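This report considers selected local features of one protein chain. Please keep the sequence and the structure in view while reading.

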Amino acid sequence: MKFKQILGTVTISAVTALAVIWGIAKWKTTTDSYGGQSTTAIPSNYKYADFNEGTLPPGTPVDFTAAAASSIPTVVHIKTKINARQVTNNTPRQRGTDPFSDFFGDDMFDQLFGGGKGMTREQRASGSGVLISDDGYIVTNNHVVDKADEVMVTLSNKKSFVAKVVGTDPAYDLAVLKIEAAGLPYLLYGNSDDVKIGQWVLAIGYPLNLETTATAGIISAKARSLGLNKDRAGNSNGAVESYIQTDAAVNAGNSGGALVSTDGRLIGINSAIASPTGYYSGYSYAIPVNIAKKVVDDIIKYGTVQRAYLGVSYVMPSDLNAAQRKQANIPENAYGIYVQETPKDGGAFEAGIRKGDIIKSISGVNVFSGAELNEVISRYKPGDKITIVYTRNGKDIPVIVSLKNRAGNYDIVKLESNVEKLGGEFVTLDPRMAKEYGVPGGVVLKRIGSDGALVQQTNIRENLVIIKVNDKAIKTVEELIDAVSKSNTIKLTGFFPGYDGLYDYQVKLD
């Protein structure tokens, strides 16, 4: 009897235990969660990102060796030199007419009367660049070569070349160089529109004057605007900034180097870092390659960038507080790129866009910020037609806009040489006269134009024999043209036949 009771008790306990275990398992299967998330559900954003429904794929190791091997030979080391220059606060004086100068010399006169001549030191710097063709075209940053008197390029195989600056544009912070070589390796363009946040990238360059260095990181943001660039007139509102932000380590010297995808394509030109110390501390910024391609093509073909303008001024309501919105008469529910004004000579006005409209997309590309709008527009030239979709009274309206240049027409902008900007007629000094004057050569200013920097900014006279430009000796008109093309601040040094001494005339060109 006791045995039957014990057997029954054991049987009931076992059945009860199995039931409890089954119930707990069933409950955990349907309700198990951690931090408010179900352990078995896959959110829709993962499905849209092409993850397999129902399971998350394991992490896949990223191999950078192929991308680095194909990219490193195409990234070059750029070294620049700015020559020492004489600076002065004096206006030119003719020797022979000033008794103090005749007896004591210019230096004594300057000390007595506060003239203040001096010399700036020679400056040297370095950066990086990217070969984009087998015949030696290189893209880099404008700030790497700005004002340089000499640009040297060294390849990864240690071969060095003197580089010519084909053209620059500070508004984009881009420049194009050319070296005389053939059969060079070069980096294929990628598509910066396809870049995704979280994507692995390589930054390749010559940081801190080191040899070729590759660092890795991810894309952490797109369309960043930092307010660093300025156009040739020094205005930041004329600049184009839409940086790719990464956490790949970039330092001084990386400027102009390559931002490369894992498939070995150029997707950006490394340009800046965000740092309180001047050294890398977390974020670096690159110019999208889709902007760089347009700038490079224009500089090579036209000598200057063909800049198109939509013809709107806008604000981002999200950047304004309630008081600022009220003052600007912006509705409380306004969002996105809110049009403030459309000048009547602009393409946007002709297409019907008015104040209060909200721009949503350009040629199929959604734009959510001014940086994105400027990036897309920067890919076009005057005369190009684009499709704009804007919202008015809750309704989306598509229109075709013909883009114009800054002057309000469709003309291609031609590059005016710095010699033309000077405003004068120049001829090479006759060799016999050069021998008589005791100089190896020079250029004679035969005529001063009625409109130009020379007549507007100096008291220069005709028949000046120019022997130096920015302290570099010149002997012919060709050398004069080459010398003045390298800077927008020009100092002409020369003499007048029959007068003693040298005279300096300095002008600034836009």
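The buried residues of H9 are Gly 370, Ala 371, Leu 373, Glu 375, Val 376 and Ile 377. The model is a predicted one.

Thr 246 belongs to strand E14, which covers residues 243–246. Is Thr 246 buried or exposed? Its relative accessibility is 2%, and because buried means under 20%, Thr 246 counts as buried. Leaving aside residues up to four places away in sequence, Thr 246 touches Val 201, Ile 218, Ile 219, Ser 220, Leu 259, Gly 282, Tyr 283 and Ser 284. With the side chain of Ser 284, the side chain of Thr 246 makes a polar contact at 2.8 Å. The side chain of Thr 246 also reaches the backbone nitrogen of Ala 248, at 3.2 Å.

Leu 210 is placed in the loop between strand E12 (200–205) and strand E13 (213–224). Its relative accessibility is 46%; because partly exposed lies between the 20% limit for buried and the 50% limit for exposed, Leu 210 counts as partly exposed. Which separation is found between Leu 210 and His 77? Although these residues are 133 residues apart along the chain, their C-alpha atoms are separated by 9.5 Å.

Aromatic rings come next. The count of aromatic pairs in the model comes to 4.

How many cavities of 30 Å³ or more does a search of the whole structure find? The search finds 1 such cavity. The largest cavity has a volume of about 40 Å³. Its lining consists of Tyr 172, Asn 229, Val 240, Glu 241, Ser 242, Tyr 243, Ile 287, Pro 288 and Ile 291. One of these lining residues, Tyr 243, falls within strand E14 (residues 243–246), the strand that also holds Thr 246.

How values were computed
Residues numbered from 1 in each chain as written. Predicted model: local features only at pLDDT ≥ 70, side-chain atom pairs only at ≥ 80, totals over all residues. Heavy atoms only, no water. Helix = DSSP H or I, 4+ residues; strand = E, 2+ residues; numbered from the N terminus. Buried < 20%, exposed > 50% of the residue type's maximum accessible area, 1.4 Å probe, protein only. Polar contact = N/O pair within 3.5 Å; in protein donor to acceptor, adjacent residues only side chain to side chain. Contact = heavy atoms within 4.5 Å. Phe/Tyr/Trp six-rings, centres within 6.5 Å; stacked < 30°, edge-to-face > 60°. 1 Å grid on protein atoms, 1.4 Å probe; cavity = no way out; pocket = protein on both sides within 12 Å on 5 of 7 lines; lining within 4 Å. Points joined across faces, edges and corners; volume = space filled by probe spheres on them.
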